[in-house]
Amino acid sequence: MKIPLYQLDAFSDRPFEGNPAAVCPLEAWLDDDVLQKIAAENNLSETAFFVRDDESEGDGFGLRWFTPLSEVDLCGHATLASAWVILERLAPGRENVRFETRSGELVVERGEGDLLVMDFPARPAAPREAPRALVEGLGAAPAEVLASERDYLVLLEAEDDVRKLKPDFARLRGLDRLGIIVSAPGVSADFVSRFFAPSVGVPEDPVTGSAHCTLAPYWAERLGRGEAPLEARQISARGGTLICRHLGDRVTIAGRAALYLTGEITL
């Protein structure tokens, strides 16, 4: 069996920045065990698999995402990369693509220039007392701690505080949320962040689209921006830029993607 493989750097307009994602178009779903083994072999934060959805008369696709350790319910950068593969390689005449996922229908459409705009569910966070393991694992005193249904959101005072973090991943691994978002006001962007998810085999994710389902509502309210665009910068070693808008129970997250390689998986 030959499976096409694309690897793209999402939330970047050039290779070696942003977040690498593997994308595998499939004719039909393979066993979950095979999908998980492919993701582990790729050893990227996420591998995306999509299959044309026959019930949508060829208009939509089923989409799933796997880390090296497990399947996840939402992933931004691998959705962006999957949409790029469809809109730029498989069906270049299309203006948008619809994905059916564990998080409901996700739509990605062409935006201004080479931007792709994703429509995702908002995941607002509520104030939460900071668990001891969270504070000790980050090695920093939070200004504020909130929690969404999936992640912790930790606020620090300044961009440089976020950049200097050296987390203890063993301490963070046992927390009761999938990931830890750390954020602060930005210097060259409206806000900055980093994202850690050691419990699913991703110590630090380079650029995390799904984290902005929580970040966009928080910063839109804090900065009084309403539905106006927010420029976000994830300040991992690779770095990446996202343009976000909070639209009630939805958020839009826009970014670019750069193709790094194409190939085949042989099974």
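Trainee: How many helices and strands does the secondary structure of the chain come to? Then take helix α1: which of its residues are buried?

Mentor: First, the ground rules. This is a predicted model, where local features need pLDDT of at least 70, side-chain atom pairs count only at pLDDT 80 or more, and totals for chains, interfaces and linings use all residues. Residues are numbered from 1 along each chain as its sequence is written, and side-chain values use heavy atoms, with hydrogens and water left out.

Now the count. The chain has six helices and 18 strands. These are DSSP runs numbered from the N terminus: helices are H or I with at least four residues, strands are E with at least two. The radius of gyration is 18 Å, close to the 18 Å from the globule rule for 267 residues, so the chain is as compact as a globular protein of that length. That radius is taken over C-alpha atoms, and the rule is 2.2 Å times the number of residues to the power 0.38. The C-alpha trace spans about 50 × 40 × 30 Å along its principal axes.

Of the 267 residues, 54% count as buried. Buried means under 20% relative accessible area, exposed over 50%, and partly exposed in between, with a 1.4 Å probe and protein chains only. Among contacts (heavy atoms within 4.5 Å) with a separation of 6 or more, 62% join residues 24 or more positions apart.

Now α1 itself. Helix α1 covers residues 32-42, and its buried residues are L35, Q36, I38 and A39. They span an arc of only 160° around the axis, which puts them on the same side of α1. The arc is that of the directions from the helix axis to the C-beta atoms. An α-helix has 3.6 residues a turn, so residues three or four places apart point the same way. The face of α1 turned away from the buried side carries exposed K37 and E41.

What does the buried side meet? The buried residues of α1 pack against β1, β2, β3 (46-53), β4 (60-66), β5 (71-72) and β18. After the helix comes N43, with a positive phi near 60°.

Some of those strands lead on to aromatic rings. The structure holds seven aromatic pairs. Rings of Phe, Tyr and Trp (its six-membered ring) pair if their centres lie within 6.5 Å; planes under 30 degrees apart count as stacked, over 60 as edge-to-face and the rest as tilted. F16 and Y260 have ring centres 5.8 Å apart and planes at 70°, so they are edge-to-face. F16 sits in the loop between β1 (2-10) and β2 (19-26), while Y260 is in strand β18 (residues 257-266), 244 residues away. F16 is exposed at 59% relative accessibility. Y260 is partly exposed, at 42%.

Another pair is Y218 and W219: ring centres 5.1 Å apart, planes at 90°, so edge-to-face again. Both of these residues are buried. F50, F61 and F99 form one aromatic cluster.

Charges meet rings too. The charged end of R64 sits over the ring of W29, 5.3 Å from its centre. R177 lies over the face of Y152, at 5.7 Å from the ring centre. The test is NZ of Lys or CZ of Arg within 6 Å of the ring centre and within 35 degrees of the ring normal.
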